[in-house]
Amino acid sequence: MMHYTGLRRWQESLNNGEFSCLDAVNHYIEKIEKDTHNAFVEIFYGEARERATVVDQKIRFGTAGRLAGMIIGIKDNICLKGHRVSAASKILDGFESLFTATVVERLIKEDAIIIGRLNMDEFAMGSTNKTSVYGPALNPHNKAMVPGGSSGGSAAAVAAGLCHAALGSDTGGSVRQPAAFCGIYGMKPSYGRLSRYGLIAFASSLDQIGPLTTNLEDMALLLEVMAGKDPMDSTSSSHAVEPFSEALGSERKYTIGYLTETLEHPALDPEIKQLTLDTLDHLRQAGHTVVEAHLPHLDYLTPVYYIIATAEASSNLARYDGVHFGYRSPNATNMDEVYTLSRTEGFGPEVKRRITLGTFVLSSGFYDAYYGKAQKARRLIVQTTNNIFEKCDFLLTPTTPGTAFPLSKVFDDPTKLYLEDIFTVMANITGIPAISIPMGQHSNGLPIGLQLMAPVFKDFQIIEMADQVSKLSTYNPDLVNK
Amino acid sequence: MELTKEDILKIANLAKLSLSDEQLEAMKSDMEKILKFVEKIQELPLDDVEPLEYINQDVNVLRPDAATYTVSQYDALKNAAVKDSDYIKVPKVLG
């Protein structure tokens with residue numbers, strides 16, 4: 001089977017009859033079955049083969065949609081009717097979706113083929129994929145390393161060539177960090193750009209679905225298909241959907257800001273810092289303006305994020321009560337035990353930690369000092385971000401302070417792992433779009449991603465600029481799939 | 001911030017989670033570390049700042065107040081662990 005380099009080239013081969021969608025689906029199914037990265041938790045055999053047969057017919061009749069033949073995996077917190085979805089948690093053991101997520105419905109309408117569901121951190125809480133009830137997904141560049149998280153399976157699957165693209169969800173960096181660790185593109189669109197209907201909620205004011213792809217053309221097309229108002233999600237925006245694909249190939253010159261606080265951060269790997277500086281130099285040489293910007297609040301971002309995210313999570317996860325769906329403890333003898341034992345046996349340790357913190361910051365006597373303050377800090381950060389974007393069109397930062405780290409690494413203090421999100425949470429707190437671009441290779445052999453951020457609803461412009469930045473990339477995608 | 005075991009048990013009860021003695025000790029230690037970490041926000045000058053509650057810019061998203069048929073009884077019961085043909089079953093609430 002032909003090596004996948006992008007949907008356009010793939011569809012040419014489909015249209016020329018070089019192979020069929022069904023051949024392709026069978027090929028990918030075989031690849032997933034033989035794979036050892038633990039990226040997929042379930043293959044939708046029947047669904048994928050059936051859809052492939054239908055799309056093959058449509059191609060013959062010339063009526064195929066824009067995503068015809070694209071083989072997509074979805075994170076295990078995105079619903080497809082009639083299929084299991086579990087957020088990688090025991091508490092959703094056996095749960096079957098009654099609805100299809102709006103974004104997935106839009107993909108299928110354009111003849112994409114959904115091949116299965118992908119591993120993740122339990123309830124999207126983690127940066128390693130190690131909190132999954134299915135065990136961790138592994139990094140395709142080095143199986144001893146984490147793929148990142150929480151969309152670790154999504155990133156590993158795309159990087160290992162097990163599907164053409166994947167959907168993830170990003171609450172604090174959960175699409176961008178694994179994309180950076182696995183050497184692919186991952187985007188968190190503006191808050192409200194994509195409908196969250198059918199996404200299992202973690203922190204509703206921060207969650208956003210995002211694609212992970214091997215190239216920007218696919219990224220733009222997927223966004224174009226999925227974006228737009230959805231009556232089923234009142235937080236989805238009515239902001240007009242732009243033709244994102246047309247953003248590619250632009251040579252428009254922009255002003256790029258860099259945040260001194262990110263480059264001077266003690267946790268930042270020196271090689272990642274150098275790559276960021278080199279990229280800024282190359283952008284300057286290419287005719288863009290590069291300016292310094294300041295975010296004095298950088299060290300406050302992660303604490304603010306963890307207060308808001310856990311507060312919302314404690315509320316969202318209250319619905320897992322062992323009664324209406326999912327796991328019910330066989331040891332419960334009265335109603336209170338149904339709730340308490342089902343939750344205690346059903347949730348993993350990290351989820352329990354976050355529910356506990358969230359319950360604490362919302363509890364009487366502590367609400368004002370924690371949750372109330374975090375909401376105020378959120379406004380302050382939004383204001384600071386708006387001020388920064390008055391002086392530049394984009395911000396370029398590292399996506400992560402380091403490259404992928406060993407699976408065996410033990411964090412004696414949970415907050416050390418929370419610092420993994422230090423450069424990514426800004427986009428979730430403020431609702432702005434952000435994309436991780438594979439830019440280079442560390443001397444340790446692992447990929448490095450750089451992050452581009454833009455003002456809210458400048459999703460078109462961020463693709464336009466990401467395309468220009470990616471042309472400066474020294475990352476060699478051929479090192480993937482080996 | 002120092003937390004007592006009673007503080008943790010009270011929060012766990014609110015969250016409907018139970019903790020063994022060993023887990024209680026670990027949760028107390030983790031919570032203290034996490035609270036120390038998030039404590040940093042107390043340094044920010046926030047007295048004159050209004051809290052930001054909604055991140056989306058659209059206001060007053062309205063829809064017709066009309067009932068629609070979304071889930072059948074069969075489907076609604078499908079995912080319940082214990083049920084009969086009409087109802088979800090739970091342990092006796094009133095003696």
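Is A:Ala64 buried, partly exposed or exposed, and what is its relative accessible area? In this predicted model, A:Ala64 is partly exposed, with a relative accessible area of 31%, where buried denotes under 20% relative accessible area, exposed over 50%, and partly exposed the range in between (1.4 Å probe, protein chains only). The residue is found in the loop between α3 (45-61) and β2 (71-75) of chain A, helices (H or I, at least four residues) and strands (E, at least two) being DSSP runs numbered from the N terminus. When residues up to four places away in sequence are not counted, A:Ala64 touches A:Lys58, A:Ile59 and A:Asp111, contact being defined as heavy atoms within 4.5 Å. The C-alpha atoms of A:Ala64 and A:Gly94 are separated by 34 Å, the two residues being 30 apart along the chain.

Residues are numbered from 1 along each chain as its sequence is written, and chains are lettered from A and ligands numbered from 1 in the order in which they are written. Because the model is predicted, local features need pLDDT of at least 70 and side-chain atom pairs count only at pLDDT 80 or more, whereas totals for chains, interfaces and linings use all residues, and side-chain values use heavy atoms, with hydrogens and water left out.

Strand β10 (residues 434-441) of chain A has seven of its eight residues buried, so it is largely enclosed by the rest of the structure. Strand β5 (residues 185-188) of chain A pairs with β10(A) in the antiparallel sense over three bridges, pairing requiring that DSSP find at least two bridges between two strands, and A:Ser436 in β10(A) is the bridge partner of A:Gly186. Strand β11 (residues 447-453) of chain A also runs antiparallel to β10(A), joined to it by seven bridges, with A:Ile437 opposite A:Leu450 in β11(A). These two strands form a hairpin with five residues between them, and A:Gly445 in the turn has a positive phi of about 90°.

Between the chains, 47 residues of chain B are in contact with 68 residues of chain A. Chain B and chain A bury about 5300 Å² between them, 69% of it on carbon and sulfur atoms, buried area being the accessible area (1.4 Å probe) that two parts lose on being put together, summed over both. In chain B, B:Phe37, B:Ile55 and B:Asn79 lose the most area to chain A, together 14% of what that side buries. Three salt bridges are counted between chain B and chain A, each a side-chain nitrogen of Lys or Arg within 4 Å of a carboxyl oxygen of Asp or Glu.
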